[in-house]
Amino acid sequence: MFAIALALLACAPLLGLSSQSAPVGTSASAAAVDVHSYHLEVDFSAGLDSVEIVAVVDLLWRRTLRQLRLDFASPREEGAKDAPAGLSVTSVEISVDGEWIATRFEHSSDVLTIDLGAEQAAGGSGRVRVVAAGVPRDGLLLGRNDAGEPVAFADNWPNRARHWIPSVDHPSDKALFTFDVEVPDAYRSVAVGELIEERPLPAARWRTRWRTRAPLATKVATLGVARFQVRREPSGEVPVAISSWVYSGDERALSALAVAPRVLAEMVEMLGPFPYAKLANVQSTTRYGGMENAGAIFYRESALHGDPERVERLVAHEIAHQWFGDAVSEAEWNDVWLSEGFATYLTALFVERTRGVEAFREVMRSARDRVVAAAHEHPSATVRPAAVGEDLAGLLGAHTYQKGAWILHMLRERIGDVAFSEALRGYLEVHRHGNATTADFFAAVRWARERTDLLTDGGRGIESEMRSWLETPGLPRLEGGWRPTPGGVQLVIEQTQDGALRQLPLEVAVIVSRPEVEDAPFAAGEANRLTVPARRRSEIVIAAPAGEVVEVRLDPRVRLLFEQGSWQRLP
Ligand SMILES: [Zn+2]
(Lines give C-alpha, C1' and ligand atoms only; values in the text may rest on other atoms or scores of the structure.)
Protein backbone atom coordinates (compact mmCIF):
# COMPACT_ATOMS: atom_id res chain seq x y z
CA MET A 1 0.00 0.00 0.00
CA PHE A 2 1.01 3.58 -0.17
CA ALA A 3 1.06 6.57 2.15
CA ILE A 4 -1.86 8.84 2.59
CA ALA A 5 0.38 11.87 2.24
CA LEU A 6 1.66 10.57 -1.07
CA ALA A 7 5.11 11.72 -0.18
CA LEU A 8 7.27 10.35 -2.93
CA LEU A 9 7.59 6.60 -2.47
CA ALA A 10 6.66 6.92 1.15
CA CYS A 11 4.24 4.99 3.22
CA ALA A 12 2.80 5.13 6.66
CA PRO A 13 -0.75 4.41 7.71
CA LEU A 14 -3.02 7.24 8.72
CA LEU A 15 -4.43 5.46 11.72
CA GLY A 16 -3.23 2.91 14.18
CA LEU A 17 -4.74 -0.53 14.27
CA SER A 18 -7.88 -0.96 16.27
CA SER A 19 -7.37 -2.53 19.64
CA GLN A 20 -8.02 -6.24 19.67
CA SER A 21 -7.93 -8.83 22.33
CA ALA A 22 -6.85 -11.61 19.96
CA PRO A 23 -3.10 -11.64 19.35
CA VAL A 24 -2.24 -9.23 16.59
CA GLY A 25 -0.43 -10.66 13.62
CA THR A 26 -1.46 -14.20 14.36
CA SER A 27 -4.40 -16.33 13.49
CA ALA A 28 -6.54 -18.44 15.78
CA SER A 29 -5.99 -21.54 13.69
CA ALA A 30 -3.46 -21.08 10.90
CA ALA A 31 -1.65 -24.25 11.95
CA ALA A 32 -4.78 -26.35 12.44
CA VAL A 33 -6.71 -25.81 9.22
CA ASP A 34 -6.25 -24.71 5.63
CA VAL A 35 -9.10 -22.74 4.10
CA HIS A 36 -9.89 -23.82 0.56
CA SER A 37 -12.56 -21.24 -0.22
CA TYR A 38 -14.84 -18.56 1.12
CA HIS A 39 -18.27 -17.96 -0.36
CA LEU A 40 -19.61 -14.71 1.04
CA GLU A 41 -23.10 -13.35 0.56
CA VAL A 42 -22.96 -9.73 1.59
CA ASP A 43 -26.30 -7.90 1.75
CA PHE A 44 -26.23 -4.18 2.35
CA SER A 45 -29.14 -2.29 3.90
CA ALA A 46 -30.94 0.47 1.98
CA GLY A 47 -28.69 3.22 3.34
CA LEU A 48 -25.51 1.08 3.27
CA ASP A 49 -25.47 1.49 7.03
CA SER A 50 -25.61 -2.16 8.06
CA VAL A 51 -24.86 -5.51 6.54
CA GLU A 52 -25.80 -9.17 6.77
CA ILE A 53 -23.14 -11.70 5.87
CA VAL A 54 -23.59 -15.38 5.10
CA ALA A 55 -20.17 -16.99 4.96
CA VAL A 56 -19.66 -20.55 3.73
CA VAL A 57 -16.12 -21.64 4.47
CA ASP A 58 -14.59 -24.82 3.01
CA LEU A 59 -11.61 -26.11 4.94
CA LEU A 60 -9.09 -28.90 5.11
CA TRP A 61 -8.19 -30.22 8.56
CA ARG A 62 -4.45 -30.10 9.07
CA ARG A 63 -4.82 -31.57 12.54
CA THR A 64 -7.42 -33.79 14.12
CA LEU A 65 -10.00 -31.39 15.50
CA ARG A 66 -13.19 -31.36 17.50
CA GLN A 67 -13.53 -27.59 17.45
CA LEU A 68 -12.79 -25.08 14.73
CA ARG A 69 -11.47 -21.67 15.73
CA LEU A 70 -11.83 -18.88 13.17
CA ASP A 71 -10.61 -15.31 13.43
CA PHE A 72 -13.75 -13.21 13.75
CA ALA A 73 -13.94 -9.98 15.72
CA SER A 74 -16.52 -10.30 18.46
CA PRO A 75 -18.97 -7.45 19.07
CA ARG A 76 -18.38 -4.91 21.79
CA GLU A 77 -21.32 -4.50 24.11
CA GLU A 78 -20.17 -1.19 25.47
CA GLY A 79 -18.57 0.49 22.53
CA ALA A 80 -17.69 4.14 22.56
CA LYS A 81 -20.43 6.53 21.47
CA ASP A 82 -20.91 6.47 17.69
CA ALA A 83 -18.49 3.55 17.34
CA PRO A 84 -20.02 0.50 15.70
CA ALA A 85 -20.42 -2.55 17.91
CA GLY A 86 -19.29 -5.09 15.32
CA LEU A 87 -21.03 -8.06 13.71
CA SER A 88 -23.11 -10.42 15.84
CA VAL A 89 -23.32 -14.07 14.86
CA THR A 90 -26.90 -15.26 14.51
CA SER A 91 -26.30 -18.85 13.47
CA VAL A 92 -23.57 -21.35 12.78
CA GLU A 93 -24.09 -24.61 10.89
CA ILE A 94 -21.87 -27.44 9.82
CA SER A 95 -22.34 -29.53 6.72
CA VAL A 96 -23.00 -33.19 7.51
CA ASP A 97 -23.60 -35.47 4.52
CA GLY A 98 -24.64 -32.46 2.47
CA GLU A 99 -27.16 -31.21 5.07
CA TRP A 100 -26.74 -28.05 7.12
CA ILE A 101 -26.95 -28.84 10.83
CA ALA A 102 -27.05 -26.10 13.46
CA THR A 103 -24.18 -26.41 15.90
CA ARG A 104 -22.96 -24.82 19.11
CA PHE A 105 -20.56 -21.94 18.90
CA GLU A 106 -18.89 -19.39 21.09
CA HIS A 107 -17.95 -15.93 19.91
CA SER A 108 -15.59 -14.13 22.25
CA SER A 109 -12.15 -12.54 22.33
CA ASP A 110 -12.33 -12.11 18.55
CA VAL A 111 -12.45 -15.84 17.94
CA LEU A 112 -15.44 -17.81 16.69
CA THR A 113 -15.20 -21.31 18.14
CA ILE A 114 -17.38 -23.83 16.32
CA ASP A 115 -18.31 -27.28 17.62
CA LEU A 116 -17.70 -29.68 14.74
CA GLY A 117 -20.07 -32.28 16.23
CA ALA A 118 -17.53 -35.09 16.12
CA GLU A 119 -13.80 -35.45 15.93
CA GLN A 120 -12.55 -34.58 12.45
CA ALA A 121 -9.51 -36.52 11.33
CA ALA A 122 -6.45 -34.69 10.04
CA GLY A 123 -6.42 -34.74 6.24
CA GLY A 124 -10.21 -34.57 5.96
CA SER A 125 -12.30 -31.59 5.00
CA GLY A 126 -15.38 -29.76 6.17
CA ARG A 127 -17.73 -26.90 5.52
CA VAL A 128 -19.26 -24.40 7.90
CA ARG A 129 -21.84 -21.67 7.41
CA VAL A 130 -21.84 -18.56 9.56
CA VAL A 131 -24.54 -15.90 9.49
CA ALA A 132 -23.74 -12.55 11.07
CA ALA A 133 -25.26 -9.09 10.95
CA GLY A 134 -24.68 -5.57 12.17
CA VAL A 135 -22.10 -2.88 11.56
CA PRO A 136 -18.46 -4.05 11.46
CA ARG A 137 -16.13 -2.19 13.79
CA ASP A 138 -13.41 -2.18 11.15
CA GLY A 139 -12.37 -4.05 8.01
CA LEU A 140 -15.59 -3.40 6.09
CA LEU A 141 -16.04 0.34 6.43
CA LEU A 142 -19.61 1.59 6.12
CA GLY A 143 -19.28 5.32 5.79
CA ARG A 144 -19.47 8.31 3.52
CA ASN A 145 -17.20 9.68 0.86
CA ASP A 146 -15.95 13.27 0.83
CA ALA A 147 -19.17 14.34 -0.89
CA GLY A 148 -21.19 12.87 1.98
CA GLU A 149 -22.65 9.99 -0.02
CA PRO A 150 -22.99 6.54 1.53
CA VAL A 151 -20.24 4.14 0.44
CA ALA A 152 -18.87 0.84 1.74
CA PHE A 153 -15.34 -0.44 1.24
CA ALA A 154 -13.43 -3.34 2.68
CA ASP A 155 -9.95 -2.36 3.86
CA ASN A 156 -8.45 -5.58 5.18
CA TRP A 157 -4.72 -4.96 5.45
CA PRO A 158 -3.07 -6.25 7.53
CA ASN A 159 -5.40 -8.38 9.68
CA ARG A 160 -8.72 -6.57 9.58
CA ALA A 161 -10.61 -9.03 7.35
CA ARG A 162 -11.55 -10.76 10.61
CA HIS A 163 -13.91 -7.88 11.34
CA TRP A 164 -16.28 -9.07 8.64
CA ILE A 165 -15.07 -12.45 7.37
CA PRO A 166 -14.89 -15.47 9.70
CA SER A 167 -11.50 -16.52 8.45
CA VAL A 168 -7.96 -17.70 8.90
CA ASP A 169 -6.79 -14.11 8.72
CA HIS A 170 -3.14 -14.56 7.90
CA PRO A 171 -1.36 -14.17 4.55
CA SER A 172 -0.07 -17.75 4.69
CA ASP A 173 -3.56 -19.19 4.18
CA LYS A 174 -4.64 -18.20 0.68
CA ALA A 175 -8.08 -19.27 -0.51
CA LEU A 176 -10.56 -18.81 -3.33
CA PHE A 177 -13.22 -16.15 -2.86
CA THR A 178 -16.74 -15.74 -4.20
CA PHE A 179 -18.63 -12.57 -3.32
CA ASP A 180 -22.39 -12.37 -3.87
CA VAL A 181 -23.05 -8.73 -3.17
CA GLU A 182 -26.57 -7.37 -2.85
CA VAL A 183 -27.02 -3.61 -2.83
CA PRO A 184 -29.78 -1.03 -3.32
CA ASP A 185 -30.32 -0.50 -7.04
CA ALA A 186 -28.72 2.97 -7.04
CA TYR A 187 -25.37 1.42 -6.10
CA ARG A 188 -22.96 -0.98 -7.75
CA SER A 189 -20.35 -3.26 -6.25
CA VAL A 190 -16.84 -4.13 -7.32
CA ALA A 191 -14.78 -6.93 -5.83
CA VAL A 192 -11.79 -9.16 -6.41
CA GLY A 193 -12.15 -11.80 -9.11
CA GLU A 194 -14.16 -11.91 -12.28
CA LEU A 195 -17.67 -10.62 -12.74
CA ILE A 196 -19.72 -13.83 -13.02
CA GLU A 197 -23.20 -12.38 -13.17
CA GLU A 198 -25.25 -9.35 -12.23
CA ARG A 199 -28.99 -8.95 -12.16
CA PRO A 200 -31.80 -6.86 -10.73
CA LEU A 201 -33.77 -8.26 -7.82
CA PRO A 202 -37.26 -7.38 -6.58
CA ALA A 203 -37.64 -4.36 -4.31
CA ALA A 204 -35.10 -2.26 -6.24
CA ARG A 205 -32.12 -4.38 -5.29
CA TRP A 206 -29.13 -5.38 -7.41
CA ARG A 207 -27.03 -8.51 -7.07
CA THR A 208 -23.53 -9.09 -8.41
CA ARG A 209 -21.36 -12.19 -8.18
CA TRP A 210 -17.56 -11.98 -8.28
CA ARG A 211 -15.34 -15.04 -8.15
CA THR A 212 -11.58 -15.45 -8.08
CA ARG A 213 -9.80 -18.11 -10.08
CA ALA A 214 -6.62 -17.68 -8.07
CA PRO A 215 -6.35 -18.05 -4.30
CA LEU A 216 -5.89 -14.80 -2.37
CA ALA A 217 -4.64 -13.78 1.04
CA THR A 218 -7.38 -12.23 3.18
CA LYS A 219 -5.40 -8.95 3.31
CA VAL A 220 -6.19 -8.29 -0.38
CA ALA A 221 -9.65 -9.91 -0.73
CA THR A 222 -11.98 -7.00 -0.92
CA LEU A 223 -15.20 -5.44 -2.13
CA GLY A 224 -16.54 -1.92 -2.52
CA VAL A 225 -19.96 -0.34 -2.96
CA ALA A 226 -20.74 3.18 -4.20
CA ARG A 227 -22.56 5.12 -6.91
CA PHE A 228 -19.75 4.38 -9.32
CA GLN A 229 -19.03 5.80 -12.71
CA VAL A 230 -17.23 3.02 -14.59
CA ARG A 231 -15.05 3.28 -17.65
CA ARG A 232 -13.45 0.44 -19.56
CA GLU A 233 -9.88 1.27 -20.45
CA PRO A 234 -8.11 0.13 -23.61
CA SER A 235 -6.09 -3.00 -22.83
CA GLY A 236 -3.79 -2.81 -25.83
CA GLU A 237 -1.79 -6.00 -26.16
CA VAL A 238 -2.19 -7.02 -22.53
CA PRO A 239 -4.98 -9.63 -22.26
CA VAL A 240 -6.50 -8.12 -19.12
CA ALA A 241 -9.79 -6.24 -18.78
CA ILE A 242 -8.85 -2.85 -17.32
CA SER A 243 -11.49 -0.59 -15.81
CA SER A 244 -11.68 2.59 -13.75
CA TRP A 245 -14.29 3.01 -10.99
CA VAL A 246 -14.74 6.49 -9.58
CA TYR A 247 -17.45 8.26 -7.62
CA SER A 248 -20.02 9.37 -10.15
CA GLY A 249 -19.03 12.71 -11.65
CA ASP A 250 -15.41 12.75 -10.43
CA GLU A 251 -13.86 13.42 -13.83
CA ARG A 252 -10.54 14.36 -12.30
CA ALA A 253 -10.15 10.95 -10.68
CA LEU A 254 -11.30 9.27 -13.88
CA SER A 255 -8.73 11.10 -15.92
CA ALA A 256 -5.98 10.29 -13.37
CA LEU A 257 -6.68 6.57 -13.75
CA ALA A 258 -6.20 6.70 -17.51
CA VAL A 259 -2.50 5.94 -16.87
CA ALA A 260 -3.31 2.38 -15.79
CA PRO A 261 -3.01 0.64 -19.20
CA ARG A 262 0.42 2.16 -19.85
CA VAL A 263 1.65 1.28 -16.36
CA LEU A 264 0.31 -2.26 -16.65
CA ALA A 265 1.97 -2.76 -20.04
CA GLU A 266 5.36 -1.73 -18.60
CA MET A 267 4.96 -4.00 -15.59
CA VAL A 268 3.96 -6.95 -17.78
CA GLU A 269 7.10 -6.39 -19.86
CA MET A 270 9.23 -6.42 -16.73
CA LEU A 271 7.49 -9.17 -14.77
CA GLY A 272 5.57 -11.44 -17.13
CA PRO A 273 1.83 -12.17 -17.33
CA PHE A 274 -0.55 -10.26 -15.07
CA PRO A 275 -1.70 -12.66 -12.34
CA TYR A 276 -5.43 -11.88 -12.45
CA ALA A 277 -8.28 -11.85 -14.96
CA LYS A 278 -9.10 -8.19 -14.53
CA LEU A 279 -7.67 -4.98 -13.19
CA ALA A 280 -10.12 -2.51 -11.68
CA ASN A 281 -8.71 0.76 -10.27
CA VAL A 282 -11.21 1.98 -7.72
CA GLN A 283 -11.72 5.26 -5.87
CA SER A 284 -12.50 4.36 -2.27
CA THR A 285 -12.27 5.19 1.41
CA THR A 286 -9.19 3.07 2.14
CA ARG A 287 -7.13 4.47 5.01
CA TYR A 288 -4.06 4.10 2.81
CA GLY A 289 -3.20 6.28 -0.18
CA GLY A 290 -3.50 3.14 -2.27
CA MET A 291 -4.25 -0.46 -1.33
CA GLU A 292 -3.20 -3.29 -3.61
CA ASN A 293 -6.31 -5.49 -3.40
CA ALA A 294 -5.92 -8.26 -5.97
CA GLY A 295 -7.24 -7.14 -9.35
CA ALA A 296 -9.29 -4.42 -7.61
CA ILE A 297 -6.88 -1.74 -6.40
CA PHE A 298 -8.38 0.80 -4.02
CA TYR A 299 -7.22 4.42 -3.93
CA ARG A 300 -8.12 6.99 -1.36
CA GLU A 301 -10.53 9.54 -2.80
CA SER A 302 -8.17 12.52 -2.56
CA ALA A 303 -5.13 10.53 -3.73
CA LEU A 304 -6.50 10.60 -7.27
CA HIS A 305 -6.74 14.39 -7.24
CA GLY A 306 -3.02 15.01 -6.80
CA ASP A 307 -0.15 15.83 -9.10
CA PRO A 308 -0.44 13.52 -12.15
CA GLU A 309 3.14 12.26 -11.91
CA ARG A 310 2.60 11.27 -8.28
CA VAL A 311 -0.66 9.55 -9.14
CA GLU A 312 1.18 7.67 -11.88
CA ARG A 313 3.77 6.45 -9.36
CA LEU A 314 1.04 5.51 -6.90
CA VAL A 315 -0.69 3.47 -9.61
CA ALA A 316 2.66 1.88 -10.53
CA HIS A 317 3.32 0.95 -6.90
CA GLU A 318 -0.09 -0.71 -6.52
CA ILE A 319 0.08 -2.49 -9.87
CA ALA A 320 3.55 -3.83 -8.99
CA HIS A 321 1.98 -5.26 -5.83
CA GLN A 322 -0.29 -7.46 -7.96
CA TRP A 323 2.79 -9.62 -8.48
CA PHE A 324 4.66 -8.79 -5.27
CA GLY A 325 2.40 -9.20 -2.26
CA ASP A 326 -0.71 -10.47 -4.03
CA ALA A 327 0.27 -13.28 -6.43
CA VAL A 328 3.32 -14.05 -4.29
CA SER A 329 2.53 -13.21 -0.67
CA GLU A 330 4.93 -13.08 2.23
CA ALA A 331 4.44 -16.22 4.33
CA GLU A 332 5.05 -14.28 7.55
CA TRP A 333 4.67 -10.63 8.41
CA ASN A 334 8.37 -10.06 9.06
CA ASP A 335 8.90 -10.60 5.31
CA VAL A 336 6.65 -7.66 4.41
CA TRP A 337 9.56 -6.18 2.44
CA LEU A 338 8.80 -8.87 -0.18
CA SER A 339 5.68 -6.78 -0.80
CA GLU A 340 6.66 -3.21 -0.03
CA GLY A 341 10.36 -3.12 -0.87
CA PHE A 342 9.65 -4.77 -4.22
CA ALA A 343 6.66 -2.56 -5.08
CA THR A 344 8.78 0.47 -4.23
CA TYR A 345 11.70 -0.65 -6.40
CA LEU A 346 9.47 -1.70 -9.29
CA THR A 347 8.01 1.81 -9.23
CA ALA A 348 11.52 3.21 -9.55
CA LEU A 349 12.20 0.81 -12.44
CA PHE A 350 8.98 2.00 -14.08
CA VAL A 351 10.27 5.57 -13.80
CA GLU A 352 13.59 4.48 -15.32
CA ARG A 353 11.82 2.85 -18.28
CA THR A 354 9.44 5.72 -18.93
CA ARG A 355 11.34 8.84 -17.87
CA GLY A 356 14.97 7.88 -18.17
CA VAL A 357 17.94 7.18 -15.95
CA GLU A 358 18.25 10.66 -14.45
CA ALA A 359 14.64 10.56 -13.22
CA PHE A 360 15.33 7.08 -11.83
CA ARG A 361 18.42 8.30 -9.98
CA GLU A 362 16.39 11.14 -8.52
CA VAL A 363 13.85 8.61 -7.22
CA MET A 364 16.63 6.53 -5.65
CA ARG A 365 18.32 9.61 -4.18
CA SER A 366 15.07 10.68 -2.60
CA ALA A 367 14.50 7.14 -1.30
CA ARG A 368 18.01 7.17 0.19
CA ASP A 369 17.28 10.47 1.95
CA ARG A 370 14.25 8.84 3.52
CA VAL A 371 16.28 5.83 4.66
CA VAL A 372 18.85 8.15 6.24
CA ALA A 373 16.16 10.16 8.03
CA ALA A 374 14.40 6.99 9.22
CA ALA A 375 17.67 5.51 10.49
CA HIS A 376 18.10 8.53 12.76
CA GLU A 377 14.50 8.41 13.88
CA HIS A 378 14.27 4.64 14.45
CA PRO A 379 17.86 3.50 14.93
CA SER A 380 16.97 -0.14 15.64
CA ALA A 381 14.50 -0.72 12.76
CA THR A 382 15.49 -3.32 10.17
CA VAL A 383 14.04 -4.26 6.79
CA ARG A 384 13.47 -7.76 8.03
CA PRO A 385 12.89 -8.01 11.78
CA ALA A 386 13.55 -11.40 13.37
CA ALA A 387 10.00 -11.39 14.71
CA VAL A 388 6.97 -9.17 14.50
CA GLY A 389 5.35 -7.92 17.65
CA GLU A 390 1.90 -6.54 18.23
CA ASP A 391 2.34 -3.58 15.95
CA LEU A 392 1.85 -4.67 12.34
CA ALA A 393 1.41 -1.05 11.26
CA GLY A 394 4.97 -0.52 12.50
CA LEU A 395 6.09 -2.69 9.57
CA LEU A 396 5.29 0.22 7.28
CA GLY A 397 7.98 2.81 6.87
CA ALA A 398 11.18 3.74 5.10
CA HIS A 399 12.88 0.70 6.67
CA THR A 400 10.68 -1.74 4.71
CA TYR A 401 9.81 0.39 1.66
CA GLN A 402 12.79 2.52 0.68
CA LYS A 403 15.53 0.49 2.35
CA GLY A 404 14.04 -2.70 0.93
CA ALA A 405 14.04 -1.06 -2.50
CA TRP A 406 17.64 0.06 -2.03
CA ILE A 407 18.80 -3.44 -1.17
CA LEU A 408 17.21 -4.68 -4.40
CA HIS A 409 18.95 -1.85 -6.24
CA MET A 410 22.35 -2.82 -4.83
CA LEU A 411 21.65 -6.47 -5.63
CA ARG A 412 20.86 -5.50 -9.22
CA GLU A 413 24.09 -3.49 -9.44
CA ARG A 414 26.03 -6.49 -8.16
CA ILE A 415 24.51 -9.24 -10.30
CA GLY A 416 23.60 -7.24 -13.41
CA ASP A 417 20.33 -6.42 -15.12
CA VAL A 418 19.93 -9.77 -16.85
CA ALA A 419 20.37 -11.94 -13.76
CA PHE A 420 18.28 -9.53 -11.69
CA SER A 421 15.40 -9.66 -14.15
CA GLU A 422 15.65 -13.46 -14.35
CA ALA A 423 15.62 -13.68 -10.56
CA LEU A 424 12.44 -11.61 -10.31
CA ARG A 425 10.70 -13.63 -12.99
CA GLY A 426 11.88 -16.97 -11.62
CA TYR A 427 10.74 -16.07 -8.11
CA LEU A 428 7.33 -14.98 -9.41
CA GLU A 429 6.90 -18.08 -11.53
CA VAL A 430 7.82 -20.59 -8.84
CA HIS A 431 5.70 -19.01 -6.09
CA ARG A 432 2.83 -17.65 -8.18
CA HIS A 433 -0.44 -17.79 -6.21
CA GLY A 434 1.42 -19.08 -3.18
CA ASN A 435 3.62 -17.77 -0.40
CA ALA A 436 7.31 -17.05 -0.20
CA THR A 437 10.07 -16.10 2.19
CA THR A 438 13.28 -14.10 1.88
CA ALA A 439 15.13 -17.42 1.52
CA ASP A 440 12.90 -18.28 -1.46
CA PHE A 441 13.85 -15.01 -3.12
CA PHE A 442 17.56 -15.64 -2.67
CA ALA A 443 17.11 -19.16 -4.03
CA ALA A 444 15.71 -17.52 -7.18
CA VAL A 445 18.71 -15.16 -7.26
CA ARG A 446 21.12 -18.13 -7.13
CA TRP A 447 19.16 -19.91 -9.86
CA ALA A 448 19.18 -16.81 -12.06
CA ARG A 449 22.91 -16.29 -11.60
CA GLU A 450 23.63 -19.91 -12.48
CA ARG A 451 21.52 -19.52 -15.61
CA THR A 452 23.34 -16.39 -16.62
CA ASP A 453 26.76 -17.86 -15.74
CA LEU A 454 27.58 -15.14 -13.28
CA LEU A 455 27.85 -17.32 -10.24
CA THR A 456 31.44 -16.75 -9.18
CA ASP A 457 31.17 -16.82 -5.41
CA GLY A 458 29.21 -20.03 -4.92
CA GLY A 459 26.10 -17.88 -4.72
CA ARG A 460 26.42 -17.34 -1.00
CA GLY A 461 28.65 -14.28 -0.83
CA ILE A 462 26.19 -11.79 -2.23
CA GLU A 463 23.33 -13.47 -0.42
CA SER A 464 24.96 -13.17 2.98
CA GLU A 465 25.92 -9.57 2.23
CA MET A 466 22.37 -8.68 1.21
CA ARG A 467 20.93 -10.53 4.19
CA SER A 468 23.18 -8.50 6.41
CA TRP A 469 21.74 -5.32 4.87
CA LEU A 470 18.24 -6.69 5.47
CA GLU A 471 18.78 -7.69 9.06
CA THR A 472 21.10 -4.94 10.33
CA PRO A 473 19.71 -1.57 11.39
CA GLY A 474 21.18 1.68 10.13
CA LEU A 475 23.50 2.24 7.19
CA PRO A 476 27.12 3.23 6.58
CA ARG A 477 28.06 6.87 7.07
CA LEU A 478 31.00 8.08 5.02
CA GLU A 479 32.92 11.26 5.66
CA GLY A 480 36.33 12.69 5.04
CA GLY A 481 37.64 14.36 1.93
CA TRP A 482 40.20 14.52 -0.82
CA ARG A 483 43.42 16.26 -1.75
CA PRO A 484 45.21 16.43 -5.10
CA THR A 485 48.42 14.44 -5.50
CA PRO A 486 50.72 14.47 -8.52
CA GLY A 487 48.66 12.83 -11.29
CA GLY A 488 45.80 11.86 -9.03
CA VAL A 489 43.71 12.40 -5.95
CA GLN A 490 44.07 11.02 -2.47
CA LEU A 491 40.80 10.10 -0.77
CA VAL A 492 40.50 9.86 3.00
CA ILE A 493 37.31 7.94 3.78
CA GLU A 494 36.06 7.32 7.28
CA GLN A 495 33.18 5.05 8.19
CA THR A 496 31.58 6.82 11.14
CA GLN A 497 28.36 4.84 11.68
CA ASP A 498 27.67 3.33 15.09
CA GLY A 499 27.11 -0.14 13.68
CA ALA A 500 29.46 -2.61 12.04
CA LEU A 501 31.98 -1.51 9.43
CA ARG A 502 31.31 -2.70 5.90
CA GLN A 503 33.34 -3.37 2.80
CA LEU A 504 31.66 -1.10 0.27
CA PRO A 505 31.71 -0.87 -3.51
CA LEU A 506 31.91 2.88 -4.06
CA GLU A 507 32.17 4.95 -7.20
CA VAL A 508 33.72 8.42 -7.19
CA ALA A 509 33.90 11.02 -9.94
CA VAL A 510 36.73 13.54 -10.13
CA ILE A 511 35.72 16.92 -11.53
CA VAL A 512 38.46 18.99 -13.13
CA SER A 513 38.51 22.51 -14.44
CA ARG A 514 39.53 23.04 -18.08
CA PRO A 515 39.23 26.77 -18.67
CA GLU A 516 40.57 26.32 -22.21
CA VAL A 517 37.38 24.44 -23.23
CA GLU A 518 34.79 27.18 -23.50
CA ASP A 519 31.72 24.96 -23.90
CA ALA A 520 32.54 22.67 -20.99
CA PRO A 521 34.87 24.34 -18.52
CA PHE A 522 34.39 21.48 -16.05
CA ALA A 523 34.75 17.82 -16.89
CA ALA A 524 33.96 14.75 -14.86
CA GLY A 525 36.30 11.83 -15.25
CA GLU A 526 34.90 8.33 -15.64
CA ALA A 527 33.44 7.11 -12.39
CA ASN A 528 36.22 5.31 -10.51
CA ARG A 529 35.16 2.06 -8.90
CA LEU A 530 36.71 1.53 -5.50
CA THR A 531 36.36 -0.98 -2.76
CA VAL A 532 36.24 0.79 0.57
CA PRO A 533 37.60 -1.70 3.10
CA ALA A 534 35.71 -2.54 6.28
CA ARG A 535 37.95 -0.21 8.27
CA ARG A 536 37.26 2.90 10.28
CA ARG A 537 39.62 4.99 8.13
CA SER A 538 40.98 4.31 4.65
CA GLU A 539 43.33 6.26 2.40
CA ILE A 540 43.00 5.53 -1.30
CA VAL A 541 44.77 7.17 -4.24
CA ILE A 542 42.99 7.28 -7.59
CA ALA A 543 43.94 8.65 -10.99
CA ALA A 544 42.51 11.98 -12.13
CA PRO A 545 42.04 13.43 -15.61
CA ALA A 546 44.27 16.31 -16.70
CA GLY A 547 43.33 19.67 -15.26
CA GLU A 548 42.85 21.23 -11.86
CA VAL A 549 40.77 19.02 -9.57
CA VAL A 550 37.89 21.10 -8.21
CA GLU A 551 35.62 18.47 -6.71
CA VAL A 552 35.37 14.76 -5.94
CA ARG A 553 31.83 13.38 -5.90
CA LEU A 554 30.89 10.22 -4.08
CA ASP A 555 28.55 7.77 -5.80
CA PRO A 556 27.69 9.93 -8.83
CA ARG A 557 25.49 7.22 -10.32
CA VAL A 558 23.49 6.61 -7.13
CA ARG A 559 24.47 2.99 -6.59
CA LEU A 560 25.30 2.71 -2.90
CA LEU A 561 23.14 3.08 0.18
CA PHE A 562 25.06 5.29 2.58
CA GLU A 563 24.79 8.53 4.46
CA GLN A 564 27.22 11.19 3.32
CA GLY A 565 28.66 13.19 6.19
CA SER A 566 31.12 16.03 5.85
CA TRP A 567 33.10 15.63 2.60
CA GLN A 568 35.51 18.34 1.53
CA ARG A 569 38.84 19.29 0.13
CA LEU A 570 41.53 18.55 2.70
CA PRO A 571 44.58 20.72 3.32
ZN1 LIG B 1 2.70 -0.82 -0.97
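Axes here are lines fitted to C-alpha atoms, for helices over the stretch in contact, and angles run from 0 to 180 degrees between N-to-C directions. Helices (H or I, at least four residues) and strands (E, at least two) are DSSP runs, numbered from the N terminus. The model is predicted: local features need pLDDT of at least 70, side-chain atom pairs count only at pLDDT 80 or more, and totals for chains, interfaces and linings use all residues. Residues are numbered from 1 along each chain as its sequence is written, and side-chain values use heavy atoms, with hydrogens and water left out.

Start with two helices. H3 and H4 pack at an angle of about 130 degrees. Their axes are 8 Å apart. That makes H3 oblique to H4.

Which residues of H3 and H4 meet? From H3, they include Glu309, Arg313 and Ala316. From H4, they include Ser339, Ala343 and Phe350. Contact means heavy atoms within 4.5 Å. By class, this contact of H3 with H4 has six nonpolar, five polar and five charged residues. (Ala, Val, Leu, Ile, Met, Phe, Trp, Tyr, Cys and Pro count as nonpolar, Asp, Glu, Lys and Arg as charged, and the others, Gly among them, as polar.)

Now look at H7 (residues 417–431) and H8 (residues 438–451). They pack at about 130 degrees, with axes 8 Å apart. H7 and H8 are therefore oblique to each other. Their crossing is right-handed. Among the residues that meet are Ala423 and Tyr427 in H7, and Phe441 and Ala444 in H8. This contact of H7 with H8 has nine nonpolar, two polar and four charged residues.

Next come the aromatic rings. A search of the whole structure finds 22 aromatic pairs. (Rings of Phe, Tyr and Trp, its six-membered ring, pair if their centres lie within 6.5 Å; planes under 30 degrees apart count as stacked, over 60 as edge-to-face and the rest as tilted.) Phe324 and Phe342 form a tilted pair, 4.9 Å centre to centre, with 40 degrees between the planes. Phe324 lies in the loop between helix H3 and strand S21, and Phe342 in helix H4, so the pair ties together parts that are 18 residues apart in sequence. Both Phe324 and Phe342 are buried. (Buried means under 20% relative accessible area, exposed over 50%, partly exposed in between, with a 1.4 Å probe and protein chains only.)

Tyr427 and Phe441 give a second example. Their ring centres are 5.4 Å apart and their planes at 90 degrees, so the pair is edge-to-face. Tyr427 is in H7 and Phe441 in H8, so the pair ties together parts that are 14 residues apart in sequence. Tyr427 is buried, at 1%. Phe441 is buried too, at 0%. Elsewhere, ring pairs link Phe153, Trp210, Phe228, Trp245, Tyr247 and Phe298 into a cluster.

Finally, take two single residues. Is Ser244 buried or exposed? Ser244 is in strand S17 and is buried, at 0% relative accessibility. Its contacts include Gln229, Leu254 and Asn281. Gln503 lies in the loop between strands S24 and S25. Gln503 is exposed, with a relative accessible area of 55%.

Methods
Angles under 35 degrees count as roughly parallel, over 145 as roughly antiparallel, 65 to 115 as roughly perpendicular and the rest as oblique. A crossing is left-handed if the near helix is turned anticlockwise from the far one by less than a right angle, and right-handed if clockwise. Lists of a residue's contacts leave out its neighbours within four places in sequence.
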